[in-house]
Amino acid sequence: MTEPALRVEDLRTHFHARQGIVKAVEDVSFSVAPGKILGLVGESGSGKSVTGFSIIGLVDPPGRVVAGRILLGGRNLLGLAPEEMRRIRGNRIAMIFQDPMMTLNPVLRIDTQMIEAVQAHADVGRATARERARNALARVGIASPDERLLAYPHQFSGGMRQRVAIAIALLNKPELIIADEPTTALDVTIQGQILFEMQKLARESGTALIWITHDLSVIAGLADEISVMYAGRIVEQGSVDQVLDAPLHPYTQGLIASVPSRNRRGEPLQQIPGMTPSLLDPAPGCAFRERCARADSTCADDPPMSSPVAGRQVRCFHPLTA
């Protein structure tokens, strides 16, 4: 059996505020195999991005990872010295942010930024680094890459800046890429091109990919596996076809039902009633119980992860197959 490129075990990331402890990520576990794509989905505030930041070591105070293990190639990243983590970040692990200006320096030319990103982790000359940068820009569909290398970020549109940020993530051929909704600013045609390239990258190079999004239509055509997050916890896991075709958790079913479909033209979209609960010192029990039609007194306790169907996991006392 192939060793996962990344294994996350019982990850907990808390933010210590004056009002109390915000449990942004609580008891999260998953793995990603080399060459596979994991979709991490959920509505805003579910803990998806904080999970990504925790893996790459970019959680700022007052937040910190308080428990768990993050194993990259079998090595636990938690507890590494900052300098050692810096050598891994951008080299073995890369992250594509939702806002490209979190990656790009507005006062430096694109070639300067990309060449520095290569030479920070590889002992290569400037000409070799520049050629690698040129090829990366071409790979994400940027026309005239030689000319674009000489441009500054403000000379690109928002979508073009995002493509540059994706190209930078590809530079050092990382073992793992964490993509935090990177195609949000792109038009549909370019989005399709980027998704195709990311799938091709995973297949050909063996790079593992975590794709963080709220867009189930993107995940449906991109990912191999899916983990659904709600209120800081993973509530359902399985293959993307199984989960989207036959969801087990009521929350997953609600997400799927709220997606517009041409098969229900003219019908109002279904909604999940209520609001996401506060993560500030949450009450015990299932976090979804106040919004769930299947909830009963049993849900006042914390539901454990179970496997009512082979190859599937769900955190629910009353899964939809029951």
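Predicted model: local features only at pLDDT ≥ 70, side-chain atom pairs only at ≥ 80, totals over all residues.
What happens to the side chains of strand 8, and which way do they point? In a regular strand the side chains alternate between the two faces of the sheet. In strand 8, A208, I210 and I212 point one way, while L209, W211 and T213 point the other way. The residues on both sides are all buried.

Helix 6, residues 158–170, and helix 7 have axes that come within 12 Å and cross at roughly 5°. Angles under 35 degrees count as roughly parallel, so helix 6 is roughly parallel to helix 7. Which residues make the contact between helix 6 and helix 7? From helix 6 come R163, I166 and L170, and they meet I190, I194, M198 and L201 of helix 7. Sorted by kind, the residues of this contact are six nonpolar, no polar and one charged.

Charged residues lead to another kind of link. Side chains of opposite charge can pair when their charged atoms come close. A search of the whole structure finds 14 salt bridges, and a few of them are described here.

One of them involves helix 7. R139 forms a salt bridge with E197, and their closest N and O atoms are 3.8 Å apart. Since R139 lies in helix 4 (residues 126–139) and E197 in helix 7 (residues 188–205), the pair ties together parts that are 58 residues apart in sequence. R139 is partly exposed, with a relative accessible area of 31%, whereas E197 counts as buried at 17% relative accessibility.

Another salt bridge joins the side chains of R312 and E236, at 2.6 Å from N to O. R312 lies in the loop between strand 11 (305–306) and strand 12 (313–315), and E236 lies in strand 10 (residues 233–239), so this pair ties together parts that are 76 residues apart in sequence.

The bridge between R86 and E83 has another setting. The closest N and O atoms of R86 and E83 are 3.5 Å apart. Both residues lie in helix 2 (residues 82–88), three residues apart, which is about one turn of the helix. R86 is partly exposed at 40% relative accessibility, and E83 is partly exposed too, with a relative accessible area of 44%.

Salt bridges can also be linked to each other. In this model, R7, E9 and R69 are linked in a network of salt bridges.

How values were computed
Residues numbered from 1 in each chain as written. Heavy atoms only, no water. Salt bridge = Lys/Arg side-chain N within 4 Å of Asp/Glu carboxyl O. Helix = DSSP H or I, 4+ residues; strand = E, 2+ residues; numbered from the N terminus. Buried < 20%, exposed > 50% of the residue type's maximum accessible area, 1.4 Å probe, protein only. Axes fitted to C-alpha atoms, helices over the stretch in contact; angles between N-to-C directions. Parallel < 35°, antiparallel > 145°, perpendicular 65-115°, else oblique. Contact = heavy atoms within 4.5 Å. Nonpolar A, V, L, I, M, F, W, Y, C, P; charged D, E, K, R; others polar.
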